[in-house]
Amino acid sequence: MHTEIIEKLANTHDLTDDELRLLINERSDSDAALLAQKAAATRDRIYGKRVFMRGLIEFSSICRNDCLYCGLRRSNTSAERYRLTKDEILSCTDEGYALGLRTFVLQGGEDSAFTDELLCDIVSAIKQRHQDCAVTLSVGERSRRSYERLFEAGTDRYLLRHETADEEHYGRLHPKELTLAKRMRCLNDLKEIGFQTGCGFMVGSPFQTTDHIVSDLRFIKEFRPQMVGIGPFIPHKDTPFRNMSAGTAELTIYLLSIVRLLLPDVLLPATTALGTISENGRERGIMAGANVVMPNLSPVSVRRKYLLYDNKLCTDSEAAENIAQLKKQIQTTGCDLVTDRGDHISKT
Ligand code: 5AD
């Protein structure tokens, strides 16, 4: 067991790459339990036992990209494609507001129909109707000018996972027109412009090694994002990657704790993907230091069409209509699901 390393991480919020590598390679149940306990205590110190909700609106399944791991990749001709209208998106936010959601995450493929003009119009309409709400965009790589416009229109936050901080690994997961350098340019622009910015990666993605994960953690520590999205890679049947590595849920939960301790004030979701591969996965993520959940607010008619991976949950407690059920599940962790924008608290 690595008590000393874990205590160093909990006290100094950093480790050397060698220590991180050791902690990951020699992971044990007792290490996981100690990390989870320290991570939850660190979260409590900053945010209290409060879990924030983000209403996820998956507004377009049309994507120009061809990421090899994603069910929405351009070459997947079996995927059903849709895009929501502005009015449909606004209905989702109205419904979400009534359910107590105070952050809306608009996520979609890289769909050129959503020009700066249209997205800005949608964001300002949401902000006008729901002045006490935050709007997060998750619409991929765009120009700096475009990000500036979206920020000026009132967008508060932006999610763009870096996917892997290792250039060679990035190349094996993406077509050649997508590069890590471009992804990093986008992330730096977003943070400079003033968005609360989120990066993140998949756990157990094809070809991923411990060294890759160490690079991801180092990048996260240095970039200091306000949000980090970490979820298990889950294969999609119509992509080239069909296998899932064993123990991915446990490793994901372990890494959630490490990220919480590296960046004590980070907003950290227990993802729907984690809930998909593991019974009580989201609850276990919360107990390991996560403090965000993202109920699905997409219209029921399209919910089964936004399929990044197989067997994605969308009708149970991950559906925004079932917040009462979600609330009960979160209570089992000793935390409270709250109605709050849940902005980042800066402790530096
Ligand atoms: N399994 C898990 N996560 C996936 N994503 C894309 N495809 C998959 C998959 N098969 C994640 C990526 C992306 C986010 C929107 O969804 O990390 O950034």
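In this account, a residue is called buried when its relative accessible area is under 20%, exposed when it is over 50%, and partly exposed in between, as computed with a 1.4 Å probe on protein chains only. By that criterion, buried residues make up 60% of the 348 residues in the protein chain. The model is predicted, so local features need pLDDT of at least 70 and side-chain atom pairs count only at pLDDT 80 or more, whereas totals for chains, interfaces and linings use all residues. Residues are numbered from 1 along each chain as its sequence is written, and side-chain values use heavy atoms, with hydrogens and water left out.

The protein chain contains 13 helices and nine strands; helices (H or I, at least four residues) and strands (E, at least two) are DSSP runs, numbered from the N terminus. Along the principal axes, the C-alpha atoms of the protein chain fill a box of roughly 55 × 45 × 35 Å.

A pair of aromatic rings is described by the distance of the centres and the angle of the planes. Rings of Phe, Tyr and Trp (its six-membered ring) pair if their centres lie within 6.5 Å; planes under 30 degrees apart count as stacked, over 60 as edge-to-face and the rest as tilted. The structure holds seven such aromatic pairs. One of them is the edge-to-face pair of Y147 and Y158, at 5.0 Å centre to centre and 70° between the planes. This pair links distant parts of the chain, with Y147 in helix 6 (residues 144-152) and Y158 in strand 5 (residues 157-159), eleven residues apart. Both Y147 and Y158 are buried.

F219 and F223 form a stacked pair, 5.3 Å centre to centre with 15° between the planes. Because they are four residues apart in helix 9 (residues 210-223), F219 and F223 are separated by about one helical turn. F219 is buried at a relative accessible area of 14%, and F223 is likewise buried at 8%.

F223 also meets a charge: the charged end of K191 sits over its ring, 5.1 Å from the centre. Here a charge sits over a ring if NZ of Lys or CZ of Arg is within 6 Å of the ring centre and within 35 degrees of the ring normal. Elsewhere, R102 lies over the face of Y97, at 3.5 Å from the ring centre.

The ligand is surrounded by residues including Y69, Q107, E163, I234 and L308, each with a heavy atom within 4 Å of it. In the side chain of E163, an N or O atom is 2.5 Å from an oxygen atom of the ligand. The backbone contributes as well: an N or O atom of I234 lies 2.7 Å from a ligand nitrogen atom, and one of L308 lies 3.3 Å from a nitrogen atom of the ligand. Taken alone the ligand exposes 410 Å², of which the protein buries 87%; these accessible areas come from the Shrake-Rupley method with a 1.4 Å probe.

How values were computed. Polar contact = N/O pair within 3.5 Å; in protein donor to acceptor, adjacent residues only side chain to side chain.
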